[in-house]
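Visitor: I would like to learn how to read a structure feature by feature. Please take me through one.

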Amino acid sequence: MNVFFDGYVHSGTTLKELVDQFDNVLRKKVEIETTSDFNSCNQIIPCVSPFYIEKQFQAVYTNAKFKEIQREEWGMICCNCIPISKQGCISTFDVLDKISTYDHVKIVHYVVYYNEEECDIKCTCALFEMRGIICRHAFKVFQMKKIHVLPERYVLYRWRKDLKRRYTLVKSSYDDLRDNADVRRKIFDDKQVGVGELSAHQVVAKVEDVVVGTQYSTVTQQTPSNND
Ligand SMILES: [Zn+2]
């Protein structure tokens, strides 16, 4: 809760001020989220490897989640993958992960089970089960097995950049922020496909108009609560 209200409340904040600030905190979070969504749709983070699976995630994940995928891909460099056994369609691998801390290096041992028929993978680190991110150890096995595209079940719907989150369908006092984000996105979409004849200057001017509109409506909506 303290982190949630960080910068908005202090030890002398009254209950009424807390209620007012709660609205401000939510508004700020919606603003950050809409900006992040907008950036994910319009700024493409370059791939860091020739690994085709990275492109698969680049195309659909929000920038924040794609960066987490890239961290795991980078982590493959520190992993040594050794095939151990094969029973039917299940292959087992030992993956030795070299983890560096500020003063020493340690080797951590993980086991990865790969079902070749179903392209199903499990790692004992359980990163995917806990955080929904494919771990470096599983990536290492995919690389070894020359898997270039992952099944859809590993590309989680909730982190897609084109996802319309359900709670955004609920009417709220922050709809102006979301509407403005949609307008900004449309301007850039139109620019991408060449719709309209706006120059780059005009597009920037329009975006600035929208941003100013957002700030203005923020101020006008906050004013009544301050006077209560
Ligand atoms: Zn793992």
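Guide: What follows is a short talk about the sheet, the zinc site and a few residues. This is a predicted model, in which local features need pLDDT of at least 70, side-chain atom pairs count only at pLDDT 80 or more, and totals for chains, interfaces and linings use all residues. Residues are numbered from 1 along each chain as its sequence is written, and side-chain values use heavy atoms, with hydrogens and water left out.

Visitor: In what order do the strands of the open sheet come?

Guide: Strands of a sheet pair through backbone hydrogen bonds, either parallel or antiparallel. Strands (E, at least two residues) and helices (H or I, at least four) are DSSP runs, numbered from the N terminus, and two strands pair if DSSP finds at least two bridges between them. Here four strands form an open sheet in the order E1-E2-E3-E4, with antiparallel pairing. Strand E1 (79–87) and E4 stand at the edges with a single partner strand each, so one side of each has no neighbour in the sheet. From one strand to the next, the twist averages 25 degrees.

Visitor: Which helix lies across the strands?

Guide: Helix H5 lies across E1, strand E2 (90–100), E3 and E4, and runs at about 65 degrees to E1. Contact means heavy atoms within 4.5 Å. Axes are lines fitted to C-alpha atoms, for helices over the stretch in contact, and angles run from 0 to 180 degrees between N-to-C directions.

Visitor: How many bridges join E3 to E4?

Guide: Strand E3 (residues 105–115) and E4 run antiparallel and are joined by four bridges. Tyr113 stands opposite Lys122 in E4, and Tyr114 has Ile121 as its bridge partner there.

Visitor: Which residues are on the covered face of E4, and which on the uncovered one?

Guide: In a regular strand the side chains alternate between the two faces of the sheet. In E4, Ile121 and Cys123 make up the covered face, while Asp120 and Lys122 make up the uncovered one.

Visitor: What is the phi of Cys119?

Guide: Most residues other than glycine have a negative phi. Cys119, in the loop between E3 and E4, has a positive phi of about 50 degrees although it is not a glycine. Ala126, in the loop between E4 and H4, also has a positive phi, near 60 degrees.

Visitor: Is Cys119 buried or exposed?

Guide: Buried means under 20% relative accessible area, exposed over 50%, and partly exposed in between (1.4 Å probe, protein chains only). Cys119 counts as buried because its relative accessibility is 13%. Ala126, at 22%, counts as partly exposed.

Visitor: What are the protein donors of the zinc ion?

Guide: Donors are N, O and S atoms within 2.8 Å of the metal (3.2 Å for Na, K and Ca); water is not among the atoms, so sites may look incomplete. The zinc ion has Cys123 (SG), Cys125 (SG), Cys135 (SG) and His137 (ND1) as its protein donors, lying 2.1 to 2.3 Å from it. Along the chain, these donors follow the spacing C-x1-C-x9-C-x1-H. Cys123 lies in strand E4 (residues 120–123) and Cys135 in the loop between helix H4 (127–131) and helix H5 (136–144), so the pair ties together parts that are twelve residues apart in sequence. Cys123 is buried at 11% relative accessible area, and Cys135 is buried at 4%.

Visitor: How many disulfides are there?

Guide: A disulfide is a pair of cysteine sulfur atoms within 2.5 Å. By this rule the count is zero. For Cys78, the nearest cysteine sulfur is that of Cys79, 6.6 Å away.
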